[in-house]
Amino acid sequence: MRIRFAAKFILTAIIILLGCMLPNLGEQAEAAQERYQSDVKFEFKYEEKAARVIPQVHVTKIYFDDGRVETKQHEFPEQAWPVSKEAQSSDSENIKDDPSLKKRFFPRCGWGVGTHVLETETGPRAFTVYCDSTVDKKVNPKIDKEAINNYVLYGYDIEKNRLSVIHHAQKHWGDPAQLDLYFDFGGYAIQDGSAETDYNKRQVRVYSLISNKLLARTTNYPRESDDGKTLIYTDYKKISSDPKVLAQIENYNGYKGEYFLTETMVLHADGTRTKQESYKELPKNILAQEKIDAITYILYKNPKNENRMVGYRTSANAAVKPLSRAEASSTMRFTKGKRFMLIHQQTAKEKTIRIIDTATAKVVSEFPDIGGGFFEEVGDAIALFRFEKKDYYIHLPTGIITRNMENSQLIQKGTGKYIGDQSKLISMQVPPQMYVNGNPVKFAGQGPFLTMDNRWYVEVNDFAKAADATVTRNASGLTITRGAYTMTVSKTDKTALRWAGQTFVPLETLNAKLGMAGGFVHPILGKGYESQSLSVFSKDLKEADVMARPDLYEAIENSPLRVDNNYYVMQNGKPAAKSLSEASTYQFRNSTKLIFKDGALVNLAAIHTAGGRTLRNIIFDIDKFTQVITVYGTPKATQTGGKMVRWYEIEGKIFVVESSNNNVASAYYVMN
């Protein structure tokens, strides 16, 4: 990824550091390591009296082990930057009457992404660039030396909470003020002198972002290689202008009456340089090839039907072994780092993607190609793609597709920076916080995830520990036992998903088979981030158990909620409304309502809770009843308690929805 800063780029930018794996401590071999992703946001607070800006860093840690979210704001007055009052942009003036924004400084920097995170030997570091200018419009050329642009490159050590200035460049109007950042390479470049190219000079300096060491001097700004791990630039060597000498040379450039040999060089992150290999003409019928260690992958024409095929060989003289279907026309592409190859196959009837492990040339998965042009590798074996304006993750070894949740817009940039072991992950989406009867669920590997067909999947061992259940395994599969309830998952069960010794089952199935009442997902709103809380409860939960935990459950006694609303029981095969004032109501974590009658749980409800969601096909908000019908189908209807309610029979439970004019008011799971 290459980012250029000239006179315009954004000051405030969100960057994502996905995860950090700490050392595995403790006596138990299976003790979970702490894993998290960090959402880092840079801002600069303007102090008008002191005429300076103070860097601020907002760090939000979202933990993969249990879904909890922690947010901290750090301020660094020791790194304050002096600012001329003329540098304040009209953007700040337009919002000066807003008390919440008045103290933040927005200099005239335009739009662009200026921050990123790199993993270093000492831990992850975030980078951003601050800029300001003393002018807000084009100046008179006679006074252009008074127009000053400042560019300050900051580095932030996330683990040590330390901010430092890596580089400061000050340029006058018209000077080459471009600061190029090469994040995948881990470097930056700045140009000296005139903006005009001079083959006699090497006026571009390339530095390491990590060590700030000067790596190279080049004539022009380098460009990134295809994988971003190296930089490509042209080296110039002056030669004689004698026509006889030039006639014997094929590759040279002219500049102001002088002539130069050109050589394409490759700059590596350690500062070493090598010559770029020259292009070699491919053999007949070979369209492209890529050598990875001892295996060469080839895109070629099938001589029988002219279809494009993908294959490989292990030596120059070996025959090409096909990896794609002969009846399909195929293309090949590699993930970043070239760990996997994707073969897009198309026939008259279907499109598929076949995933190849490039180290072994083995097929690891195949799944339908549902389209979408955007595709980016964001983990060791996980890629992000876009389909119908929604973002999804695909686990390349298994083909499992998972959804991004509401916070996806905050994690698109920089999602490839997860630090630590990813061997058990299926999705890079941070899991929701999950509770079973108020007990938090710890995730030993992959936490709960939402599949493309809108089903929540939960790892059976994680669920069992929180639900006081046991898991036993045998040759045919596994059995989960919770009290009198038993659930069997066979090895041939196609609804179960498996990876890295983990077994994942739809949460709605666990609820139905293990005597759970159901539950809801509610958003947890934080500064700049929205996470999720997924809560389920068992039918046999007693009011005495809830009363014993005032730290988790709040009793609702004298509230309009109890007077103006109902709860539901089943009478004559239909839900019947009863006054909520006749029952005992408790609220779990400001979201789910638990309704008890005579000490027993009768309803689990989301009452007047905008944004609450059910556990079955959870993607819709409890907002419009047409959305309910889309997921659950046509409901039954009953007149009760002075209102018409709709209801469904779902996995042995009754699900009642109150609505008016297509607006959903409340939803209830009824214990029958």
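An open sheet of 4 strands runs in the order 24-25-26-27, and its pairing is antiparallel. The model is predicted. Aromatic rings are the other topic here: a search of the whole structure finds 19 aromatic pairs.

**The sheet**

- Strands of a sheet pair through backbone hydrogen bonds, and the sense can be parallel or antiparallel.
- In the sheet 24-25-26-27, the pairing is antiparallel.
- Strand 24 (329–334) and strand 27 (362–368) stand at the edges. Each has a single partner strand, so one side of each lacks a neighbour in the sheet.
- On average, neighbouring strands of this sheet are turned by 20 degrees against each other, direction ignored.
- Strand 24 pairs with strand 25 (residues 340–346) over 6 bridges, in the antiparallel sense.
- Arg333 stands opposite Leu342, which belongs to strand 25.

**Aromatic pair Phe44 and Tyr130**

- A pair of aromatic rings is described by two values: the distance of the centres and the angle of the planes.
- The search of the whole structure gives 19 aromatic pairs. For Phe44 and Tyr130, the ring centres are 4.9 Å apart and the planes are at 45 degrees, so this pair is tilted.
- Phe44 lies in strand 3 (residues 36–47), while Tyr130 lies in strand 8 (residues 123–133). The pair therefore ties together parts that are 86 residues apart in sequence.
- Phe44 is buried, with a relative accessible area of 3%.
- Tyr130 is buried too, with a relative accessible area of 0%.

**Aromatic pair Phe76 and Tyr156**

- The ring centres of Phe76 and Tyr156 are 6.0 Å apart. Their planes are at 70 degrees, so the pair is edge-to-face. The cut-off for that label is over 60 degrees.
- This pair links distant parts of the chain, 80 residues apart. Phe76 is in the loop between strand 5 (69–75) and strand 6 (81–82). Tyr156 is in strand 9 (residues 148–157).
- Phe76 and Tyr156 are both buried.

**An aromatic cluster**

- Four residues form one aromatic cluster: Tyr435, Phe537, Tyr553 and Phe588.

**Charges over rings**

- Arg68 has its charged end over the ring of Tyr63, 3.8 Å from the ring's centre.
- Arg646 lies over the face of Phe625, and the distance to the ring centre is 5.6 Å.

Technical notes
Residues are numbered from 1 along each chain as its sequence is written. This is a predicted model: local features need pLDDT of at least 70, side-chain atom pairs count only at pLDDT 80 or more; totals for chains, interfaces and linings use all residues. Side-chain values use heavy atoms; hydrogens and water are left out. Rings of Phe, Tyr and Trp (its six-membered ring) pair if their centres lie within 6.5 Å; planes under 30 degrees apart count as stacked, over 60 as edge-to-face and the rest as tilted. Helices (H or I, at least four residues) and strands (E, at least two) are DSSP runs, numbered from the N terminus. Buried means under 20% relative accessible area, exposed over 50%, partly exposed in between (1.4 Å probe, protein chains only). A charge sits over a ring if NZ of Lys or CZ of Arg is within 6 Å of the ring centre and within 35 degrees of the ring normal. Two strands pair if DSSP finds at least two bridges between them. Axes are lines fitted to C-alpha atoms, for helices over the stretch in contact, and angles run from 0 to 180 degrees between N-to-C directions.
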